[in-house]
Amino acid sequence: LLQYICVTFDQQQTKMAFNLENFVAKPTQEEFDLTTKADLLNIAKHYNISEIKTFMRKQQIKILLFNI
């Protein structure tokens, strides 16, 4: 049982690194939901969205990106 718990925990902790080029080419809601604040800032920078600032909270950035 302990071995199963450890393997399950390791699988949950493993997350594929965000790839901006792949996301821009084929964005998905699932990947958008898993982005970090740094990922969101990179998306904003890619699209030259000047309204998004680094001091903003992650949720604020997500809302702005989602509504553009």
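The crossing of α4 and α5 is left-handed, meaning that the near helix is turned anticlockwise from the far one by less than a right angle. Keep in mind that this is a predicted model, where local features need pLDDT of at least 70, side-chain atom pairs count only at pLDDT 80 or more, and totals for chains, interfaces and linings use all residues. Residues are numbered from 1 along each chain as its sequence is written, and side-chain values use heavy atoms, with hydrogens and water left out.

Two packed helices are described by the angle between their axes and the distance between the axes. Here, α4 and α5 pack at an angle of about 35 degrees, and their axes are 10 Å apart. (Axes are lines fitted to C-alpha atoms, for helices over the stretch in contact, and angles run from 0 to 180 degrees between N-to-C directions.) So who meets whom? On the α4 side you'll find Lys37, Leu40, Leu41, Ile43 and Ala44, and they meet Lys58, Ile61, Lys62 and Leu65 of α5. Contact here means heavy atoms within 4.5 Å. Sort the residues of this contact and you get 6 nonpolar, no polar and 3 charged; Ala, Val, Leu, Ile, Met, Phe, Trp, Tyr, Cys and Pro count as nonpolar, Asp, Glu, Lys and Arg as charged, and the others, Gly among them, as polar.

Now look at α4 by itself. It covers residues 37-46, and Asp39, Leu40, Ile43 and Ala44 are buried in it; buried means under 20% relative accessible area, exposed over 50%, and partly exposed in between (1.4 Å probe, protein chains only). Down the axis of α4, the buried residues fall within an arc of 140 degrees, so they line one face of the helix. That arc is taken from the directions from the helix axis to the C-beta atoms. The packing partners of these buried residues are α2 (20-25), α3 (29-33) and α5 (58-66). After α4 comes Asn48, with a positive phi near 55 degrees.

Further along, in the loop between α4 and α5, sits Thr54. Thr54 is exposed, at 59% relative accessible area. Leaving aside neighbours within four places in sequence, Thr54 is in contact with Lys37 and Leu41. Thr54 and Lys37 are 17 residues apart in sequence, and 8.8 Å apart in space, C-alpha to C-alpha.

Stepping back, the protein chain has 5 helices and 0 strands. Helices (H or I, at least four residues) and strands (E, at least two) are DSSP runs, numbered from the N terminus. Of the chain's 68 residues, 21% count as buried.
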